[in-house]
Amino acid sequence: MPEGVSWNGSIAFLDRDGVINIGSENYINNPDEVELLPNSPKSIGTIRRMGYRVCVVTNQSPIGRGLWTSKNLAEIHERLQQMVLEEDSDAHFDLVLHSPYAPWEGAWARKPFPGMLEAGRQLIDKASIDPNLPDFELLYGDDWLDRPDDSNSFMVGDRQVDIIAASRYGIKSYQCKPEEGISGVLEEIL
Ligand SMILES: [Mg+2]
């Protein structure tokens with residue numbers, strides 16, 4: 001967490017393309033294609049300085065379609081994090097989750113389903129108790145009964161699938177314009 005700030009127990013779930021960086025119909029295929037949306041680093045830094053942890057949740061079907069690998073995606077996310085931190089040193093991603101599945105697979109972990117949000121909550125909770133992240137079983141949907149209080153958590157996305165995933169998970173959401181990204185809804189969030 002930023003200096004002098006302790007975690008408030010809530011999570012800001014952020015979609016990636018159209019929220020943090022500029023999206024593309026042809027996907028973001030390598031680190032050189034990453035272009036930040038104006039003020040997204042400052043917005044993420046602000047949210048973390050308010051005490052939230054940040055979990056990026058992004059659908060990445062090019063992996064499931066066989067176009068490229070999760071290693072390539074890891075390099076893209078490394079570049080994205082580096083560019084964001086250059087503008088705001090508090091704007092760490094606490095966790096980045098991606099769904100590799102193709103749309104026709106109907107995966108629970110692909111938005112508009114809430115699997116990534118469910119996993120993110122449990123991973124961040126466990127890691128906050130033990131940073132070494134002991135082995136444990138992730139629970140999904142009706143199998144996850146003992147849920148923590150997420151009444152102050154929220155999701156930011158530019159598309160309807162993000163809003164539906166948030167609603168299925170049971171948290172509020174803010175829909176930003178893809179050309180503005182998260183900074184366009186920051187005032188609403190605050
Ligand atoms: Mg998006």
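A nonpolar core, as used here, is a set of buried Ala, Val, Leu, Ile, Met, Phe, Trp, Tyr and Cys residues joined through C-beta atoms within 7 Å. Buried means that 20 or more other C-beta atoms lie within 10 Å of a residue's own, exposed means 12 or fewer, and partly exposed is in between, with C-beta atoms placed from the backbone. The model is a predicted one, in which local features need pLDDT of at least 70 and side-chain atom pairs count only at pLDDT 80 or more, while totals for chains, interfaces and linings use all residues. Residues are numbered from 1 along each chain as its sequence is written.

**The core**

Let's start inside. The largest nonpolar core has 41 residues, and those touching the most other members are Ala12, Phe13, Leu14, Val54, Val156 and Ile182. At least two residues of this core come from each of β1, α1, β2, α3, α4, β4 and α5. These elements are DSSP runs numbered from the N terminus: helices (H or I) have at least four residues and strands (E) at least two. In soluble globular proteins, nonpolar side chains tend to be buried together.

Ala12 is a handy residue to look at. Leaving out residues up to four places away in sequence, Ala12 touches Ile47, Tyr52, Val54, Phe154 and Val156; a contact here means C-beta atoms, placed from the backbone, within 7 Å.

Ala12 stands opposite Phe154 in β4, and Gly157 stands opposite Gln175 in β5. Together, β4, helix α5 (residues 160-169) and β5 form a right-handed β-α-β unit. Right-handed means that, with the strands pointing away from the viewer, the path from the first strand over the helix to the second runs clockwise.

**Helix α1**

Why is α1 described as largely enclosed by the rest of the structure? Eight of its 10 residues are buried, among them Ile44 and Ile47. The buried residues of α1 pack against β1, β2, α3 and α6 (186-189). After α1 comes Gly51, with a positive phi near 110°.

**Val96**

Val96 lies in strand β3 (residues 95-99). Val96 counts as partly exposed because it has 19 C-beta neighbours inside 10 Å. Not counting residues up to four places away in sequence, Val96 touches Val56 and His77.

Key. Pairing = 2+ DSSP bridges. Contact = placed C-beta atoms within 7 Å.
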